[in-house]
Amino acid sequence: MWLRLDDLHNRMLIRVGKNTQDHGRTLKAVNGTLILNSPMHAITLLSQELLFHRRSLAQALGGSLEGKKRDVRSFVDKLGSLSPLSILERGYSITRKIPDMIVLKDSSQVTTGDEVRILLAKGNIDCRVEKTQPGK
């Protein structure tokens, strides 16, 4: 009876040991699953993704902004070259009939004795028409 009891005792110890190992492995697997599915793990992953997208957006906006700045500078340069003031700087003038200040485009718009104002790059000249010649 003692032998049988001893044998049963040994078998019980072996079985308890195996059950403990099996439950330990199961517990580790469940713990790993819990860690992967935990809100903190999801928050960490989403925070990293948010940081990546924030940097990408900043780079895209920076590049777009620089492109728009170049476009604006180009338009400003083009407008400056077409500005009447820049044309006056090159030696041209704008002549207006006094008093209604209509811009003259043809010598037939004035007659001898009319007053005109000539706008230059720097200043004005008031003149009286002495003679006109028809354009070609």
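Six salt bridges are counted in this predicted model, a salt bridge being a side-chain nitrogen of Lys or Arg within 4 Å of a carboxyl oxygen of Asp or Glu. Side chains of opposite charge can pair when their charged atoms come close. Among the pairs are Asp22 with Arg25, Asp114 with Lys97 and Asp126 with Arg117. The model also holds an open sheet of four strands in the order 2-1-3-4, with antiparallel pairing.

As the model is predicted, local features need pLDDT of at least 70 and side-chain atom pairs count only at pLDDT 80 or more, while totals for chains, interfaces and linings use all residues. Residues are numbered from 1 along each chain as its sequence is written, and side-chain values use heavy atoms, with hydrogens and water left out.

**Salt bridges**

- The side chains of Asp22 and Arg25 form a salt bridge with an N to O distance of 2.6 Å.
- Asp22 and Arg25 are three residues apart in helix 1, which means that about one helical turn separates them. Helices (H or I, at least four residues) and strands (E, at least two) are DSSP runs, numbered from the N terminus.
- Asp22 is partly exposed at 36% relative accessibility, whereas Arg25 is exposed at 52%. Buried means under 20% relative accessible area, exposed over 50%, and partly exposed in between (1.4 Å probe, protein chains only).
- In the salt bridge between Asp114 and Lys97, the closest N and O atoms are 3.6 Å apart. This pair links distant parts of the chain, 17 residues apart: Asp114 in the loop between strand 2 and strand 3, and Lys97 in strand 1.
- Lys97 counts as partly exposed, at 23% relative accessibility.
- Asp126 and Arg117 meet through their side chains in a salt bridge of 2.7 Å, N to O. Arg117 is partly exposed, with a relative accessible area of 29%.

**Surroundings of Asp114**

- Asp114 belongs to the loop between strand 2 (102–103) and strand 3 (115–119).
- The side chain of Asp114 reaches the backbone nitrogen of Thr111 at 2.8 Å. This is a polar contact, defined as a pair of N or O atoms within 3.5 Å; within protein, one must be able to donate a hydrogen and the other to accept it, and residues adjacent in sequence count only if both atoms are side-chain atoms.
- Not counting residues up to four places away in sequence, Asp114 touches Lys97, Cys127, Arg128 and Val129. Contact means heavy atoms within 4.5 Å.

**The sheet**

- Strands of a sheet pair through backbone hydrogen bonds, either parallel or antiparallel. Two strands count as paired if DSSP finds at least two bridges between them.
- The strand order is 2-1-3-4. Strand 2 and strand 4 (124–128) stand at the edges with a single partner strand each, so one side of each lacks a neighbour in the sheet.
- Strand 1 and strand 3 are antiparallel and pair over four bridges. Thr95 has Ile118 in strand 3 as its bridge partner.
- Strand 3 and strand 4 run antiparallel and are joined by five bridges. Val116 stands opposite Cys127 in strand 4, and Arg117 has Asp126 in strand 4 as its bridge partner.
- The hairpin of strand 3 and strand 4 has four residues between the strands, and Gly123 in the turn has a positive phi of about 100 degrees.

- Ser93 is placed in the loop between helix 3 (84–89) and strand 1 (94–97), and is partly exposed at 38% relative accessible area.
- Ser93 and Leu120 lie 27 residues apart in sequence but 5.0 Å apart in space, C-alpha to C-alpha.
- Leaving out residues up to four places away in sequence, Ser93 touches Leu88, Ile118, Leu119 and Leu120.
- The peptide bond that joins Ile98 and Pro99 is cis, with omega of about 10 degrees. Pro99 lies in the loop between strand 1 and strand 2.
- Met101 is found in the loop between strand 1 and strand 2. The phi of Met101 is near 60 degrees, a positive value in a residue other than glycine.
- Met101 counts as partly exposed, at 28% relative accessibility.
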